[in-house]
Amino acid sequence: MTGRTTAALSALLAGAVACGAACATENGGQNYPFGVNTILPGIAPPPGESWWQNYSVYYSAGRFNDANGRSLIPGYELDVAAYAPRLFHSWDASIGPFGLASAVVVPFVYVGVKTPAGRSTDFDVGNPTIQPLYLTYANPAKTFFAYSGVDFFVPTYTAVSRDYVSMDPIVAMTWFPRKGVDVNFIGLLEFALAENRSTGYRSGNLLVVDYSAHVKPFPSHPQLSVGFNGYYLDQFSGDELNGVDIGFEGRAAAIGPELVYETGTAAGIAIKWQHEFHVRNRPQGEQLWFQFQVPLGPALSPSDHRRR
């Protein structure tokens, strides 16, 4: 075990006792909930309309890997459950071919962690996401949709907060190459703008990709889509402890099945599972998601969007 790894491990174990679960997985951690944006993510509401989007996730990990993918912490266990509603609104304005949209997310998070240093559980409000302005786009054929902007994660300084601001430039795309098929991609960079003031720990910067693809297998049931989804994250700068670079760059990938059912106009439900692999300097586990969306007022379904 290198000196840098020893420093990172010491910070991890000390954090589990000193500041509860919020600090227990700080090494290689992030604000963005990777794997969240896999269902037609490039499509925004029509101008002047809003969508109420709801995300529920359960993540469970039974190991924390080192830089070689081996278990680093004996007896490590992590359980996270979260519910995060998002209000997504498109403004009745445009700049050339681009529309304008904004959104806000407020997560409610439970975290339970067990390490040799002890066990802790916490439930509180996590870091809200402020998405002040997106540029949205749809091609004339309504087969390609995208938006781009900058997300900001704002600390609440609760037991489950990461206690620092991060800035995430993001681009989301959805493509319908043929009827009944969709391909989706979100790419972002996450920059920690400050250290965690309670621990002196500054998480490194990340590249994150969410992806998915779906087909409608039954013409008699066009509301149903099935496919696969997942994510990839790569930490491209080291963590810092009290201003000293301790490395501990994280990496992970995940893939799993996804099921989507449109229940009405711009409304639907989805369930998806994500299995992690190739994990370095992070917990390794599984994620199970349940998501649903309802329009707040008149709206168009994804199929209606393509017909416009």
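In these legends, contact means heavy atoms within 4.5 Å. The structure is a predicted model, in which local features need pLDDT of at least 70 and side-chain atom pairs count only at pLDDT 80 or more, while totals for chains, interfaces and linings use all residues. Residues are numbered from 1 along each chain as its sequence is written, and side-chain values use heavy atoms, with hydrogens and water left out.

**View 1. Surroundings of Arg197.** Leaving aside neighbours within four places in sequence, Arg197 is in contact with Tyr157 and Asp163. Arg197 is placed in the loop between β9 (181-192) and β10 (201-202); helices (H or I, at least four residues) and strands (E, at least two) are DSSP runs, numbered from the N terminus. Because its relative accessibility is 61%, Arg197 counts as exposed (buried means under 20% relative accessible area, exposed over 50%, partly exposed in between; 1.4 Å probe, protein chains only). Tyr164 is 33 residues from Arg197 along the chain, with 7.5 Å between the C-alpha atoms.

**View 2. The aromatic pair of Phe64 and Tyr76.** The structure holds 12 aromatic pairs (rings of Phe, Tyr and Trp, the last by its six-membered ring, pair if their centres lie within 6.5 Å; planes under 30 degrees apart count as stacked, over 60 as edge-to-face and the rest as tilted). In one of these pairs, the ring centres of Phe64 and Tyr76 are 5.4 Å apart and the planes stand at 80 degrees, so the arrangement is edge-to-face. Phe64 belongs to strand β1 (residues 50-64) and Tyr76 to the loop between β1 and β2 (77-95), so the pair ties together parts that are 12 residues apart in sequence. Phe64 is buried, with 0% relative accessibility, and Tyr76 is buried at 1%.

**View 3. The aromatic pair of Phe290 and Phe292.** Phe290 counts as partly exposed at 37% relative accessibility, and Phe292 is partly exposed at 31%.

**View 4. Charges over rings.** The charged end of Arg86 sits over the ring of Phe88, 4.2 Å from its centre (NZ of Lys or CZ of Arg must be within 6 Å of the ring centre and within 35 degrees of the ring normal). Phe88 is also linked by ring pairs into a cluster with Trp51, Tyr134 and Tyr147. Elsewhere, Lys272 lies over the face of Trp289, at 5.0 Å from the ring centre.

View 5. Beyond four places in sequence, the contacts of Val208 include Tyr32, Ile186 and Tyr232. Tyr232 lies in strand β12 (residues 224-235) and is partly exposed, with a relative accessible area of 29%. The C-alpha atoms of Tyr232 and Val208 are separated by 5.8 Å.
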